[in-house]
Amino acid sequence: MSKDLITLEHISKSYDGQLILDDLSLSIYENSFVTLLGPSGCGKTTTLRIIGGFEKPDQGRVIFDGQDITNLAPNKRQLNTVFQKYALFTHMTIAENIAFGLKIKNKSDSYIKDKIKYALKLVNLEGFENRMPDSLSGGQQQRIAIARAIVNEPKVLLLDEPLGALDLKMRQDMQYELKRLKDELGITFIYVTHDQEEALTMSDHIVVMNQGYIQQEGSPEKIYNEPENAFVADFIGDSNIIRSTMIRDELVEILGAKFACVDKGFGENKPVDVVIRPEDVELVAPDAGTINGVVTGLTFKGVHYEMDVEANGYEWLVHSTKLSEVGSNVGIKIDPFNIQIMNVPASEDEEAISETV
Amino acid sequence: MRKVLERIYLAIILIFMYAPILTLIVLSFNSSKSRAKWGGFTLKWYINLLSDEAVASALFNTLSIAVLATIFSTIIGTFTCIAMIGLSSKLRSIIMGITNIPMINADIVTGISLMLLFRFLHISTGFTTILLAHITFNIPFVMLSVMPRVKNINFYVYEAALDLGASRPYAFFKTILPDIVPGIVSGALMAFTMSLDDFIITYFTKGSGFETLSTLIYNEVKRGIQPEIYALSALIFVVVLVLLMIVYRAPQAKTKEK
């Protein structure tokens with residue numbers, strides 16, 4: 001589609017002898033919303049700080065728009081950051097906060113004034129010029145932090161868990177707000193989060209990270225529907241991950257029962273991991289499905305019921321809008337398209353790097 | 001009823017605390033030398049005081065020591081706090097503990113040990129030794145006041161300034177310094193106050209022939225208290241009171257302004 005704007009080449013970084021990033025390579029397209037997603041300590045924030053210039057990689061290069069910026073100071077980079085805890089200048093007014101970068105660049109007063117107005121309008125906080133940051137709510141402060149960054153017209157906006165400190169409702173509102181901003185500004189957003197729902201909602205492209213390695217990258221649909229390994233499947237949403245045997249192409253034996261599937265090329269009688277999303281497990285009348293089981297647990301979740309079904313020695317997690325009472329006998333049916341087959345990692349180490357090799 | 005009792009209780013406490021000082025201030029305006037009799041209002045003790053050369057030189061000594069001790073202890077204390085940012089929190093609390101000990105240590109112990117140290121090092125007592133002593137006991141007060149500010153420095157704000165194009169020094173002066181200035185100011189005022197009203201440590205480190213206000217008063221008292229001393233004590237009380245009010249007011253006023 002579009003051209004690479006930022007390329008990370010073989011980046012490694014350790015702190016106190018602990019390897020945080022190991023030979024990480026990543027390309028980020030112009031004008032895309034890219035999310036680095038992973039549990040805490042996976043290296044996502046370090047990656048962002050290396051792009052922002054706050055950390056230097058031990059090895060590797062950062063290429064920005066064709067130029068090597070690995071050793072460039074943060075104040076010389078054409079990108080701006082929105083920090084986790086807003087990081088507003090508390091002793092300055094909102095207008096002074098937004099003007100900070102422009103004043104350093106010696107822009108004229110009238111230009112700065114226009115820009116402040118434009119930025120406040122963009123984040124829906126018109127008329128807040130003379131307020132102090134302390135008098136604003138968390139969501140408002142975060143929007144000011146975004147306004148302060150975008151008035152500098154960066155090519156890339158880096159966002160480090162910007163919604164982490166907000167409550168759920170505010171977070172959801174801000175997700176739409178950020179998506180809208182991204183479309184209006186037409187710049188690249190690189191977003192760091194540990195919240196998989198946030199990542200799925202906003203991103204064009206998700207990079208799932210764990211232990212300093214990229215586990216998988218792709219569109220939200222691809223990451224969710226076709227996880228490449230057990231880590232990704234488990235991290236993105238709930239799932240049933242079951243060690244199984246690939247009998248041959250398009251046929252897999254799960255817990256002793258044969259299921260039709262659509263995957264090919266795993267060989268014959270090979271051990272594999274299968275991922276089945278809880279909403280893809282269909283509960284039918286006993287003997288109408290592939291295997292039979294008993295409902296052992298039931299929780300009402302609002303949108304759907306969450307049920308535990310004991311079948312063939314495995315406790316299946318099932319999401320359904322149709323209620324099956326605890327103790328009832330059910331059949332389990334799975335559409336071949338909804339069975340995702342993954343290679344079994346040979347070792348724990350390989351599990352971490354399976355994507356990068 | 002409860003409210004009335006509360007008021008009475010508060011009044012009693014305040015009377016106990018301030019009655020002696022009030023007596024002193026009242027007596028400093030008493031034209032009679034007697035401590036038991038009111039002989040009419042006068043300012044003559046204050047006027048006598050101002051024309052007294054010994055007092056003038058003691059005042060000069062006190063102020064110059066206080067000012068110099070404040071400057072040095074504020075600079076040393078502040079830089080120590082900033083340097084301690086890089087330490088682990090465990091090491092930091094150990095160092096803070098060590099620096100806090102001189103504050104709770106009895107002044108007389110501090111005074112005598114400093115005197116012994118100066119003797120041992122053959123530093124002749126006088127202005128220099130008092131100044132060194134005052135700097136020493138003031139540093140913990142400065143650190144106590146600056147450290148909480150330093151601990152709360154939000155480094156993301158510093159990075160945000162860099163991110164927006166600021167150079168490192170510009171970012172420091174625009175983001176980190178404003179955050180710790182209230183701590184530095186109240187630390188300095190605290191140090192100044194402590195230096196101004198110290199007697200014991202000064203007494204042990206001053207040697208002979210050099211007087212500050214507090215040691216001068218003490219010497220005068222030995223010869224029998226003159227009403228000028230009331231006037232002088234009243235003045236010292238007022239100055240210290242005003243300084244302390246500034247110390248406690250300064251940080252609050254700053255936050256309110258926000």
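A residue is buried here if 20 or more other C-beta atoms, placed from the backbone, lie within 10 Å of its own, exposed if 12 or fewer do, and partly exposed in between. The model is predicted: local features need pLDDT of at least 70 and side-chain atom pairs pLDDT 80 or more, while totals for chains, interfaces and linings use all residues. Residues are numbered from 1 along each chain as its sequence is written, with chains lettered from A in the order in which they are written.

**Helix α3 of chain A**
- Helices are DSSP runs (H or I, at least four residues), numbered from the N terminus.
- A:K115, A:I116, A:A119 and A:L120 are buried in α3(A).
- They share one side of α3(A), because they cover an arc of only 125° around the axis (taken from the directions from the axis to the C-beta atoms).
- The face turned away from that buried side carries the exposed residues A:S110, A:Y111 and A:K121.
- The cover over the buried residues includes α2 (94-104) and α4 (138-150) of chain A.
- Just after α3(A), A:N124 has a positive phi of about 60°.

**Domains of chain B**
- An automatic or database assignment gives domain 1 (1-42 + 231-258) and domain 2 (49-224).
- Their C-alpha centres lie 26 Å apart.
- In domain 1 of chain B, 13 residues are in contact (C-beta atoms, placed from the backbone, within 7 Å) with 13 residues of domain 2 of chain B.
- On the side of domain 1 that touches domain 2, 11 residues are nonpolar, one is polar and one is charged.
- Ala, Val, Leu, Ile, Met, Phe, Trp, Tyr, Cys and Pro count as nonpolar, Asp, Glu, Lys and Arg as charged, and the others, Gly among them, as polar.

Methods. Helices (H or I, at least four residues) and strands (E, at least two) are DSSP runs, numbered from the N terminus. Two residues are in contact if their C-beta atoms, placed from the backbone, lie within 7 Å.
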